[in-house]
2 protein chains.
Amino acid sequence: MTKFLKVISPSAVLKILEGFPPLEAETIGLEAATGRVLAASTVSGEDIPAFPRATMDGFAVRARDVYGASETIPALLEVVGKVEMGEAARQPLTPGQAIVIPTGGMLPPGADAVVMVEHTQPLDDRTIEVTRPAAPGDNVLQVGEDLRSGAEVLPAGQRLRPQDVGLLAALGIMSVAVHRRPRVAVISTGDEVVSAGTAQLPLGKTRDINSYSIAGQLRQIGAITTLCGIVEDSLPQLTAACRQALADHDVVLLSGGSSVGARDYTIQVLESLPGAEILFHGIAVRPGKPTILARVGQKVFWGLPGQPVSALTIFTAFVKPLLERLEGERQKSVLQEATRIATLSASLPSVHGRSDYASVVLEERDGRLWATPLFGKSAMISLLSRADGYVIVPEHSEGLDQGTEVRIHLFSR
Amino acid sequence: MTKFLKVISPSAVLKILEGFPPLEAETIGLEAATGRVLAASTVSGEDIPAFPRATMDGFAVRARDVYGASETIPALLEVVGKVEMGEAARQPLTPGQAIVIPTGGMLPPGADAVVMVEHTQPLDDRTIEVTRPAAPGDNVLQVGEDLRSGAEVLPAGQRLRPQDVGLLAALGIMSVAVHRRPRVAVISTGDEVVSAGTAQLPLGKTRDINSYSIAGQLRQIGAITTLCGIVEDSLPQLTAACRQALADHDVVLLSGGSSVGARDYTIQVLESLPGAEILFHGIAVRPGKPTILARVGQKVFWGLPGQPVSALTIFTAFVKPLLERLEGERQKSVLQEATRIATLSASLPSVHGRSDYASVVLEERDGRLWATPLFGKSAMISLLSRADGYVIVPEHSEGLDQGTEVRIHLFSR
């Protein structure tokens, strides 16, 4: 049976992940930019708006002309024209004049405020009464008030949401430098694993679950994914498959074959690869202890546990953060973090000396989020679909009490 | 200026959306199933596991042989072999015997429990002492304990997560019936709108933001999206563009051209299309009142407000739920719901008679989520990128007080 060579703590793992640099940048068109991570901060090249813009339908006026106006003593203004939507307003406003203006229209030269239609009365075809005063700037968006030329619009390391892409479109920024997406190969191994397409499952075998659930997660985060299928758990076969996968990809995920009880081919494969450095072999967590991380030149190799819930947990806790790092993601809002605060609905016992990543089901009740630990046998694959995420019971804790507020790390939704 | 013809409440809108049936089903391979919505419930065709399976490394035993075993009076068992991972265990266990078994291995005939390695001592090559008793079923997953043949595994209407796809792989279900994804066309219009690629913005114009932010949102939810670009705000051009888009798509989203102040071509376009039925024209919300929904035969037509934050709000509140409905989504977990409970950090005034969908920024502080209303002018596009979502101030409310717990509806993350 495999001896674990370098078992380390989860925090030490996260520290190691910080050592991986992001992949190089590439330039892509704006229409493909949603979900990608900016490689450089973007700066506005112009003032938005570039002209003073009405924010209401009404009349462009000179504020001093309606000073003190009221229902009883309205200001009388001559209506001398209309600003057309999308047109440059060139006709200057002289004292005592007003010009009809739509929301979004350009203020004519000389005007400094917009009076809402509701605060006017038509007297005749060319004259209005204004029944409220207006201060300079009322209902006007000033030049550069929205975005100023030279200001940083979005920082490097931000994953672009659709609305960020909209903001870039507003500035006419039609291409952006983003980090390349990681190319990831997924390999399954294990004597007991047969293809998911096997109709009649031979006794003792299980179908390949991990290729599908891992590939689905990879695609959800936008990694370019290759399903390599099942490789026979033999040294020459595994070595050849891993060597090939490393040549063509940035990251190789091998699930199975790294646990106690399995032959320790994964370590032997790594030892046979030139430039391979095993960063750790075993994490002090349950489930998922039999996890290996190695660097092979510029490439990354993960040996993941074969048990599906363990693989899902380790993927969520460690593999995904590394992939996000390779993509250059630095700025993450609380909404992009896949965590929630919830209340434990039952106590969660634990033991000293290792961190428990306990699967939970989440449920909203009485306006509150409740986390219920799943105490099923961790080998059950039906747990896969029931677990919403996990809560960490730290190494030096004897458990968490019912009613504790905890942070839940979410599996893919 | 446009008169609104049929202004209705947000709840009446949601009621109308329920009247749209899902798109037809199609069968796809499992590797493409993540994110798709099941058109029929899936049922397990077999028991999982199909054989009693060890959940620990140790020795398969007959529980009665270790009855009462302890450190002082251990049970002595003869080790007669080893179960190989992935192999059918055929050698029956007779009284007084034990067989080495790995986690995941098949229990041999006659065995009914697994004793952990830690609870045994080797005496010689063929004999072990067992120092703890075991009950029948200990450390064993029984036939069908995980999933029983004939049981519903996943219900119709569920959007498949990677772990659900893993569960289907476990059952050898290699293809699934899912609802077709909606094909959606995005058109922008408006006299002031120019292509986002316009380098020198003419005075009075703004670049096309909505095509990009709406397309990004559509792609995030997996809709098959066509960017039709900007169509000139003239009746013949708009009619031709909408007719073409409706022919090739399930849903047409036209942004701009439906607001007060714009020419009311959208309504005229719809009136000229055979079979078009305007379901409403105007929603009693702010922002986003100038929204139109029409049914054109089997197709759906939305006229969205041109103002980007309004378009984002209406998309999130109404368009997205309809698209999810067309995809057949029925079961939605609290985690898939894009809402959060947060505390208002400032009061939010409102007026009777319309619902306010007020944009907020979210921030986690002291283990709590705080929502801060964005009081900027709603025409500002920089709000696009700052707003995390909106809170609804209901029609018959005069506002929400600071400190109120509210539900935030999230924009795309």
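**A helix pair and a sheet in chain A**

Okay, let's start with who touches whom: on one side we've got A:Asn210, A:Ser213, A:Ile214 and A:Gln217 from α3(A), and they meet A:Pro308, A:Ala311, A:Leu312 and A:Phe315 from α6(A). Sort that contact by class and you get five nonpolar residues, three polar ones and no charged ones. Bear in mind that this is a predicted model.

So how do the two helices sit? Helix α3 of chain A covers residues 210-220 and helix α6 of chain A covers 308-326; their axes come within 10 Å and cross at roughly 20°. Anything under 35 degrees counts as roughly parallel, and that crossing angle therefore makes α3(A) roughly parallel to α6(A). As for handedness, α3(A) goes past α6(A) in a right-handed crossing.

Right, on to the sheet. It's an open one in chain A, built from six strands, and the order reads β16-β13-β17-β21-β20-β18 with mixed pairing. Which strands stand at the edges? Those are β16, residues 224-231, and β18, residues 276-281, both in chain A. Each has a single partner strand, so one side of each has no neighbour in the sheet. Going from one strand to the next, the twist averages 15°.

Let me zoom in on one pair from that order. Strand β17 of chain A, residues 251-255, runs parallel to strand β21 of chain A, residues 299-304, and five bridges join the two.

Terms used. Residues are numbered from 1 along each chain as its sequence is written. Chains are lettered from A and ligands numbered from 1 in the order in which they are written. This is a predicted model: local features need pLDDT of at least 70, side-chain atom pairs count only at pLDDT 80 or more; totals for chains, interfaces and linings use all residues. Axes are lines fitted to C-alpha atoms, for helices over the stretch in contact, and angles run from 0 to 180 degrees between N-to-C directions. Helices (H or I, at least four residues) and strands (E, at least two) are DSSP runs, numbered from the N terminus. Angles under 35 degrees count as roughly parallel, over 145 as roughly antiparallel, 65 to 115 as roughly perpendicular and the rest as oblique. A crossing is left-handed if the near helix is turned anticlockwise from the far one by less than a right angle, and right-handed if clockwise. Two residues are in contact if their C-beta atoms, placed from the backbone, lie within 7 Å. Ala, Val, Leu, Ile, Met, Phe, Trp, Tyr, Cys and Pro count as nonpolar, Asp, Glu, Lys and Arg as charged, and the others, Gly among them, as polar. Two strands pair if DSSP finds at least two bridges between them.
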